[in-house]
Amino acid sequence: MHMYGNWRSAAAFRVRIALKLKGLAYEETFIDLDAGDQHKPEFRAINPQGAVPALFDGEGPPLTQSLAILDYLEEAKGGERLLPADPRERARARSLAQLVACDTHPLYVPRVRNFLMEEYGLPKERMMTFVRHTFETGLKTLETRLTSEPGTGRFCQGDAVSHADLCLVSLWVGTGIFGVDTAPYPTVKRIAETCLALPAFAESHPLRQPGAPQG
């Protein structure tokens, strides 16, 4: 298996964790997003969207979109189960995952931030206000659901890691990068810290990948 990713990509982070949890061997080629490598014709031939991750598994075109890749790994590969067997619990885990990956993360990715600043002359300071608002909205919803719904346990859904936890952690790590106050979200913090204590999460952390800033 061969994945194209980037050290700071929250989506690649999620997939990296799943590959490690399932014990799947893979190689990762890092695309320099700051240098614009995602726009080069050779990468656009891999993913016309110019986004990471893109995962090759044997013959055929690459798999793209992190949640689709997570579902593929769950359905096609062995290793640790990352979705509950019960349909209702599985739907809740997916709902929490989508809250992050579909409704929160897409609003603060570089291509959105850059478009808003360039097209509408939005100053960087105001852009950061928008980014922090996006984080806070997602974190508040997560905190509310995790504290009010009976399915929450040691992790987002019960006492086993699921796709919801991979997504939660990918959002949580970004709070430090963008200076988001995390004090109002103690349940999210507890689950994130529980996950990051596990080797698969710790080894997949963006700051432990090639190209990440040191110190």
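User: How many aromatic pairs are there in this one?
Analyst: The count comes to 6 aromatic pairs, where rings of Phe, Tyr and Trp (its six-membered ring) pair if their centres lie within 6.5 Å, with planes under 30 degrees apart taken as stacked, over 60 as edge-to-face and the rest as tilted. This is a predicted model, in which local features need pLDDT of at least 70 and side-chain atom pairs count only at pLDDT 80 or more, while totals for chains, interfaces and linings use all residues. Residues are numbered from 1 along each chain as its sequence is written, and side-chain values use heavy atoms, with hydrogens and water left out.

User: What about Phe 115 and Tyr 120, how do their planes sit?
Analyst: The ring centres of Phe 115 and Tyr 120 are 6.0 Å apart and the planes are at 80°, so this pair is edge-to-face.

User: And is Tyr 120 buried or exposed?
Analyst: Tyr 120 counts as exposed, at 60% relative accessibility, and Phe 115 is partly exposed at 43%; buried means under 20% relative accessible area, exposed over 50%, and partly exposed in between (1.4 Å probe, protein chains only).

User: Which residues form an aromatic cluster?
Analyst: One aromatic cluster is formed by Tyr 4, Phe 43 and Phe 56.

User: Switching to the largest nonpolar core, which members touch the most others?
Analyst: Among its 50 residues these are Leu 21, Leu 142, Leu 146, Leu 166, Leu 168, Val 188 and Phe 201; a nonpolar core is a set of buried Ala, Val, Leu, Ile, Met, Phe, Trp, Tyr and Cys residues joined through side-chain atoms within 4.5 Å. The elements that give two or more residues to this core include helix 1 (10-21), helix 6 (124-148) and helix 7 (163-178), and helix 7 gives the most, with 9 residues. Helices here are DSSP runs (H or I, at least four residues), numbered from the N terminus.

User: What does Leu 146 touch?
Analyst: Leaving aside residues up to four places away in sequence, Leu 146 touches Arg 92, Leu 96, Thr 152, Cys 156, Leu 168, Thr 187, Val 188 and Ile 191, where contact means heavy atoms within 4.5 Å.

User: Last topic, where is Asp 103, and is it buried or exposed?
Analyst: Asp 103 lies in the loop between helix 4 and helix 5, and at 56% relative accessibility Asp 103 counts as exposed. Asp 103 and Gly 50 are 53 residues apart in sequence, and their C-alpha atoms are 20 Å apart in space.
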